[in-house]
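Hello,

Here is the structure I promised to pass on. Please have a look at it first, and then read my notes below.

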Amino acid sequence: MLVLTRKLQEAIKIGEDIELTVLSIDGDQVKLGISAPKQIEIHRKEIFLSIQQENSKAASTSLNTFQTLKKLKNS
């Protein structure tokens, strides 16, 4: 993991297209601004993990449904 220190209004570049800027610091909270192309999805980590979990459940449900239908067809 790369660890960088930034002050208020300082930024970090990721590649050519993404920039993170420290917008404000209030106690233990840091507000970041992210500039990135629209096609890049940006989520808080807890939201990203929730999306992955829901996608996994949906895929599993689809597979179970497919297997049930296949059994019905073969009987």
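In which strand does Leu 20 lie? Leu 20 lies in strand β2; strands here are DSSP runs of E of at least two residues, helices are runs of H or I of at least four, and both are numbered from the N terminus.

Before going further, a word on how to read the model. It is a predicted model, in which local features need pLDDT of at least 70 and side-chain atom pairs count only at pLDDT 80 or more, while totals for chains, interfaces and linings use all residues. Residues are numbered from 1 along each chain as its sequence is written, and side-chain values use heavy atoms, with hydrogens and water left out.

As for confidence, the protein chain has an average pLDDT of 91 (the predictor's confidence in each residue, from 0 to 100), and 97% of the residues score at least 70. The highest mean is that of β1, at 98, and the lowest is that of helix α1 (residues 45-74), at 83.

Now the sheet. Three strands form an open sheet in the order β1-β2-β3, with antiparallel pairing; two strands count as paired if DSSP finds at least two bridges between them. β1 (11-14) and β3 (29-35) are the edge strands, each pairing on one side only. From one strand to the next the twist averages 25 degrees, with axes taken as lines fitted to C-alpha atoms (for helices, over the stretch in contact) and angles running from 0 to 180 degrees between N-to-C directions.

Each neighbouring pair comes with a hairpin. β1 and β2 are joined by four antiparallel bridges, and their hairpin has three residues between the strands, with Gly 15 in the turn at a positive phi of about 65 degrees. Lys 13 stands opposite Glu 19 in this pairing. Strand β2 (residues 18-26) pairs with β3 over seven bridges, again in the antiparallel sense. Here the hairpin leaves two residues between the strands, and Gly 27 in the turn has a positive phi of about 65 degrees.

Back to Leu 20, which has partners on both strands: Ile 12 is its bridge partner, and Ile 34 in β3 stands opposite Leu 20. Leu 20 counts as partly exposed because its relative accessibility is 21% (buried means under 20% relative accessible area, exposed over 50%, partly exposed in between, with a 1.4 Å probe and protein chains only). Leu 20 and Leu 32 are 12 residues apart in sequence, and their C-alpha atoms are 6.4 Å apart in space.

Leu 32 is found in strand β3 and also belongs to a nonpolar surface patch of about 610 Å², made together with Leu 8, Ile 25, Val 30, Ile 34, Ile 40 and Ile 42. β3 gives the most to this patch, with three residues. Patches are made of residues with over 30% relative accessible area and no salt bridge, joining like charges within 9 Å and nonpolar side chains (Val, Leu, Ile, Met, Phe, Trp, Tyr) within 5 Å. Areas come from the Shrake-Rupley method with a 1.4 Å probe, and for residues only the protein chains shown count as cover; a salt bridge is a side-chain nitrogen of Lys or Arg within 4 Å of a carboxyl oxygen of Asp or Glu.

Lys 31 is also found in β3, where Lys 31 stands opposite Ser 24. Lys 31 is exposed, with a relative accessible area of 52%.

Best wishes
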